[in-house]
Amino acid sequence: MLIEQCKIIRNEEIAGGIWEMEFSAPGIVSYYTGPGQFLEILLDNKWSFTVRRPMSIANVEEKRITIIYKIFGRGTTLLTESKVGGILDILGPLGNVFSGWQGNYVPILVGGGVGLAPILNLFRECQKHQIHSKLIIGAKTGREHFMDHDPSNGIFLTTDDGTLGNPGTVMPSLKKVCADIDNPMVFACGPLPMLKGMQDFVIQNKIPAQLSVESYMGCGTGLCQGCAIKRRNVKEKAHSYHERYSLVCMDGPVYSASEVSFD
Amino acid sequence: MTDLRIQIGNIEFKNPIFTASGTFGYGNDVPDFVDVSKLGGIFTKSITLHPREGNPPPRIVETPSGMINSIGLANVGVDHYMREMVPSYSTIGTKIIMNIAGSTLDEYAEIIRKMESISSDIVGYEINISCPNVKKGGMEFGVDRSLTAELTKILRSLTERLLIVKLSPNVTDIAAIATAAEECGADAVSAINTVVGMSINPTTWKSNIYTVFGGLSGPALKPIGLAAVQKIFHSVKIPIIGIGGITGSLDVIEYFLAGASAVQLGTVNFQDPSTGERMIDELETYCKDVSIDSISSLVGKVKN
Ligand SMILES: Cc1cc2nc3c(=O)[nH]c(=O)nc-3n(C[C@H](O)[C@H](O)[C@H](O)COP(=O)(O)OP(=O)(O)OC[C@H]3O[C@@H](n4cnc5c(N)ncnc54)[C@H](O)[C@@H]3O)c2cc1C
Ligand SMILES: Cc1cc2nc3c(=O)[nH]c(=O)nc-3n(C[C@H](O)[C@H](O)[C@H](O)COP(=O)(O)O)c2cc1C
């Protein structure tokens, strides 16, 4: 982990409200351990943006990193204005990685909304290792998608409004894909309602799964203790430190589905 | 060579740049890229008698030029701290001040008794008095002059290590509380802790913090911290450690001019935990530029 001044190589809109940025980050890349890890970006005019913005690593190519981000609020809007050749102050790499996808399972990769980035990263990593995975990507509407719906190659797009791919959330597609496979393992990242639905499904059906979760983050280094998330199945009287809550920046962002609670 | 050394009680620190409680862990768990040995000292997060999980999320939210937090004193508890953290301080290369918090006078005292029963490299204790007193209906120790006095007196009798009382800004007369601490034997006061704040989501109509209120920190706090230090400076003789919204070396200079003999950096560590180490060179340059030999000669020199 280090803080690096990264030179922007590319910053463009790839679908409606979805942007992709590539920058040079040799230092951060030298510590990178795999899909699931993320960065913390300090925005210009830094005291109007006290906390760094967490963004997952979507791809690593030689000494360059790509992120995929969705315009959410003030910070991500400002990020779209970053010019090629400009410098971003970035802390990383942070967090843990998806694991088990190289085992005896068929990886089912599910990404929704801003949760797409780490899932695409894992998808490419599977391809590199010649592991056949299935990819399910959800969006609200067709214009937010930037890949092709390609079921014969295991790529399924879904849209809430039915304008592209399978209509509805990622859940019906997930259930269908899982039903056709003997030994699925689910890897997912996305908005809270999606993760919650996913968690219920995989636990009921005893499918191993790893979820990459989000929480409001203050530092990325464990110092502020802000990004707490509830653990599941905690003893009622759990009283000691770190039993009831986990810090997403240090223990996560990737958790086994049975570990965390979204209530 | 500018002399950046400063003295608090009988302890000399190599420079006046410390890190603030709750923003730098236990000092031994910061990222590798930070060279803590450059710092004058580290104030640990508040440690309580028993381990604490802290508050449910959301615990933090960004606000203009700052943030609000309500972490709820999540910490490992004093027993674990003594066993697992304290031994690492013998090689850490800087001075450690343990910050302690309690919900009764006895709890504070018990923590210090435990700590004094072992040998350790901790040079002192900072007393977080911005804690609700369960025996007084949850009123904070730090808003009450006599309670602050009583607490300070008890703790003073238990240790010869540095005793630093950390003052809350959420009071009508911070100088009066500082005086109480001084009269009862505190070696120094630190000021300020966070200011009570709130942030609301206009879409959901909910507070952005689970506990509704939280503590405001960051640059938004600097004018309040400076004013507090200046007021205290006129009332006490013991050193004041200035805290609140420091992000650069010129902020440190302002705090010195207002009356601080040292400073703590808090929220800035969340953007970059190595800010403090860089500030040390900048302070030397500043002192050289204005032709002063010792940074201590700036203390309280604001021209009013
Ligand atoms: C580990 C992790 C990885 C992420 N990866 C991606 C990614 O690859 N692509 C992507 O588009 N988004 C990602 N996000 C979400 C992204 O960080 C937020 O969308 C972004 O911070 C919003 O900033 P803003 O200034 O635009 O929003 P703001 O105007 O600040 O706020 C809008 C909303 O954004 C969320 N938010 C704001 N600040 C933070 C913060 N510091 N931490 C978490 N959420 C915040 C809050 O829900 C807030 O209500 C990730 C979040 C986490 C925790
Ligand atoms: C996330 C967070 C946690 C904190 N925890 C503690 C604590 O445990 N004990 C304490 O005395 N002060 C605590 N503080 C207060 C700081 O030590 C400091 O007084 C305050 O943040 C003002 O300084 P700053 O503006 O530089 O952050 C905390 C502050 C923050 C932001």
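**Close-up views of a predicted two-chain model and its ligands**

An oxygen atom of ligand 1 sits 2.8 Å from a polar backbone atom of A:Lys70, which is a polar contact in the sense used here: a pair of N or O atoms within 3.5 Å, where within protein one must be able to donate a hydrogen and the other to accept it, and residues adjacent in sequence count only if both atoms are side-chain atoms. Before we look around, note that this is a predicted model, in which local features need pLDDT of at least 70, side-chain atom pairs count only at pLDDT 80 or more, and totals for chains, interfaces and linings use all residues. Residues are numbered from 1 along each chain as its sequence is written, chains are lettered from A and ligands numbered from 1 in the order in which they are written, and side-chain values use heavy atoms, with hydrogens and water left out.

**View 1. Ligand 1 and its polar contacts with the backbone of chain A.** A:Ser56 places a polar backbone atom 3.0 Å from a nitrogen atom of ligand 1. On its own, ligand 1 has 850 Å² of accessible area, and the protein covers 84% of it (areas come from the Shrake-Rupley method with a 1.4 Å probe; for residues, only the protein chains shown count as cover).

View 2. Ala, Val, Leu, Ile, Met, Phe, Trp, Tyr, Cys and Pro count as nonpolar, Asp, Glu, Lys and Arg as charged, and the others, Gly among them, as polar.

**View 3. Ligand 2, in a site shared between chains.** Residues from chains A and B surround this ligand, so the site belongs to both. There are 24 residues around ligand 2, and those that come nearest are B:Ser21, B:Ser46, B:Lys166, B:Gly245 and B:Thr267. The shell divides into 8 nonpolar, 15 polar and 1 charged.

**View 4. Side chains of chain B that meet oxygen atoms of ligand 2.** A polar side-chain atom of B:Lys166 lies 2.7 Å from an oxygen atom of the ligand. For B:Asn99, the distance from a polar side-chain atom to an oxygen atom of ligand 2 is 3.2 Å, and for an N or O atom in the side chain of B:Asn128 it is 3.3 Å. The protein covers 95% of the 610 Å² of accessible area that ligand 2 has on its own.

**View 5. B:Gln271, a residue of chain B that touches chain A.** This residue lies in helix α7 (residues 268-271) of chain B. With a relative accessible area of 4%, B:Gln271 is buried (under 20%; exposed is over 50% and partly exposed in between, with a 1.4 Å probe and protein chains only). Its side chain reaches the backbone oxygen of A:Lys46 at 3.2 Å. Beyond four places in sequence, its contacts (heavy atoms within 4.5 Å) include A:Ile3, A:Leu42, A:Trp47 and A:Phe49.

Terms used: A residue is near a molecule or strand if one of its heavy atoms lies within 4 Å of it. Helices (H or I, at least four residues) and strands (E, at least two) are DSSP runs, numbered from the N terminus.
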